[in-house]
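Here's a quick briefing to read with the model open in your viewer.

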Amino acid sequence: MIDLIVTGDNVIDRYNDYSGAGALYISDDKIESFEKQKADPDSVDKNARFIDAGDKIISPGLVDMHVHLREPGREDEETIITGCEAASAGGFTAVCCMPNTRPVIDSQEVVRFILSRSRFSSARVFVIGSISRDLDGKQLSEIGDMVDAGIVAITDDGKSVMNAQLMRNGMEYAGMFGIPVISHAEDMNLSKNGKVNEGYISTVLGIKGIPSIAEDIIVARDIYLSKFTNTPIHIAHISTKGSVNLVREAKEEGIIVTAEATPHHFSLTDELLRSFDTNLIVNPPIRTQADVDALHEGLKDGTIDCVASDHAPHSPEEKDVEFNQAPFGMLGLETSVGLSLTYLVHKGVLTIEGLLEKMTVNPTRILKLPYNGFQAGSLADVTIIDPDLEWIVDASKFRSKSRNSPYVGYKLRGKAVCTICNGKVVYSENSMG
Ligand SMILES: [Zn+2]
């Protein structure tokens with residue numbers, strides 16, 4: 001029995017390299033069939049819900065491979081349920097959650113806890129375990145046990161693994177289990193006490209800076225370790241021109257390195273820090289126009305494989321302080337699609353197909369997620385996007401529990417208007433009926 005039909009003139013399925021008209025016939029949580037022509041509402045089962053997307057884009061569900069859900073530990077800032085609601089509202093059907101929770105995701109028990117909580121959430125949650133126990137950078141986590149429980153990668157994100165021997169061991173384990181290592185690349189001696197990009201602006205504002213070489217040096221080290229251990233390395237939130245060049249050269253050499261960029265790093269520069277908005281305090285810091293240009297170039301030529309938000313909720317008490325005290329991180333799930341369309345697609349950096357590749361097939365390939373696009377038997381996860389819808393970012397509408405976005409008040413062009421996960425409509429704008 002068909003429960004849901006989604007049809008339109010503008011299906012873009014990067015998994016199967018298809019752009020054109022189409023109709024998805026969904027039965028329960030699976031795609032029963034996909035046809036390369038529009039469905040006629042008069043000739044289909046009247047009991048099925050019928051969604052005609054018109055000329056809006058119908059894509060396989062978007063994946064955000066870098067999200068902080070804060071549960072367990074900081075349920076006042078976000079929970080697995082609210083984080084997934086934010087994901088649904090932002091057009092994402094799957095999120096990968098980072099291990100810097102309390103307790104840290106360093107054992108099978110914590111992985112199982114998160115997976116059991118996410119059974120009732122509106123998006124799929126894939127868990128990323130830590131490299132080191134309690135993120136202490138000293139002893140490896142229970143990597144094998146966590147792989148058995150279902151983790152898709154390991155990282156000490158939020159911190160850099162400063163001990164190259166430990167990173168090497170982590171990569172060797174990850175290689176054995178067939179999962180990638182995600183590098184939060186930051187030399188923590190060079191970045192110590194820094195809050196913003198080191199440069200003209202940090203000097204003008206009198207704030208300790210984080211130099212771009214703090215990132216470049218660890219990216220270079222991790223590329224060498226990847227080559228040495230023959231294990232895939234994924235560079236999280238790449239932010240500097242130097243790192244983009246290193247990843248490009250490593251790819252040319254055949255090293256299995258991939259990278260992601262966040263909307264804030266490709267849309268903002270440190271000039272904005274003159275506003276003293278603590279929501280702009282992120283790690284790595286927002287950089288200069290030259291870095292933004294390099295990110296655009298890297299996104300365009302394929303050096304940067306993915307767009308990921310680094311969604312990092314913080315409570316108002318934490319952020320309502322001076323720059324030097326503010327914790328790193330901003331919200332991302334509900335603005336990622338709008339920012340990517342506004343700053344990449346509408347500015348001519350990427351085609352819409354190019355962007356969707358970085359939000360669907362590329363993260364899926366890197367993390368070996370169970371998605372393969374619109375095919376019979378596939379998971380019924382779908383995102384409908386209106387690429388031209390103009391909207392203003394309004395914090396009062398956020399599904400996230402937190403409000404720490406510097407984009408509040410921004411006018412963006414393009415938005416996810418309907419999200420279907422597991423065959424169910426989990427988010428829908430009024431315009432979608
Ligand atoms: Zn990070």
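This is a predicted model: local features need pLDDT of at least 70, side-chain atom pairs count only at pLDDT 80 or more; totals for chains, interfaces and linings use all residues.

**Aromatic pairs**
- Tyr173 counts as partly exposed because its relative accessible area is 38%, between the 20% and 50% cut-offs.
- Phe177 gets the partly exposed label too, because its relative accessibility is 32%.
- Phe276 and Phe323 make a tilted aromatic pair, with 5.1 Å centre to centre and 45 degrees between the planes.
- That pair ties together distant parts of the chain, 47 residues apart: Phe276 is in the loop between helix H8 (263-267) and helix H9 (289-301), while Phe323 is in the loop between helix H10 (316-319) and H11.
- Is Phe323 buried or exposed? Its relative accessibility is 6%, so Phe323 counts as buried, whereas Phe276, at 46%, counts as partly exposed.
- The count of aromatic pairs comes to five.
- As for Tyr173 and Phe177, their rings are stacked, 6.3 Å centre to centre with 20 degrees between the planes.

**Charges over rings**
- Lys195 puts its charged end over the ring of Phe328, 4.3 Å from the ring's centre.
- Over at Trp391, Lys415 lies over the face, at 4.9 Å from the ring centre.

**The zinc ion**
- Which protein atoms are the donors of the zinc ion? They come from Asp157 (OD), His184 (ND1) and His237 (NE2), and they lie 1.9 to 2.3 Å from the zinc ion.
- Along the sequence, the donor residues follow the spacing D-x26-H-x52-H.
- The two histidines link distant parts of the chain, 53 residues apart: His184 is in the loop between strand S10 (181-183) and strand S11 (196-197), and His237 is in the loop between strand S13 (233-235) and helix H7 (241-252).
- Both His184 and His237 are buried.

**Nonpolar cores**
- The largest nonpolar core has 87 residues, and Val125 and Ile238 have the most contacts inside it.
- Helix H11 (residues 336-345) supplies the largest share of this core, six residues.
- A second, separate core has 20 residues, including Val63, Ala236, Cys306 and Val361.
- Leaving out residues up to four places away in sequence, Val125 touches Leu69, Ile80, Cys84, Val95, Cys97, Ile114, Leu115 and Ser118.

Note on methods. Residues are numbered from 1 along each chain as its sequence is written. Side-chain values use heavy atoms; hydrogens and water are left out. A nonpolar core is a set of buried Ala, Val, Leu, Ile, Met, Phe, Trp, Tyr and Cys residues joined through side-chain atoms within 4.5 Å. Buried means under 20% relative accessible area, exposed over 50%, partly exposed in between (1.4 Å probe, protein chains only). Helices (H or I, at least four residues) and strands (E, at least two) are DSSP runs, numbered from the N terminus. Contact means heavy atoms within 4.5 Å. Donors are N, O and S atoms within 2.8 Å of the metal (3.2 Å for Na, K and Ca); water is not among the atoms, so sites may look incomplete. Rings of Phe, Tyr and Trp (its six-membered ring) pair if their centres lie within 6.5 Å; planes under 30 degrees apart count as stacked, over 60 as edge-to-face and the rest as tilted. A charge sits over a ring if NZ of Lys or CZ of Arg is within 6 Å of the ring centre and within 35 degrees of the ring normal.
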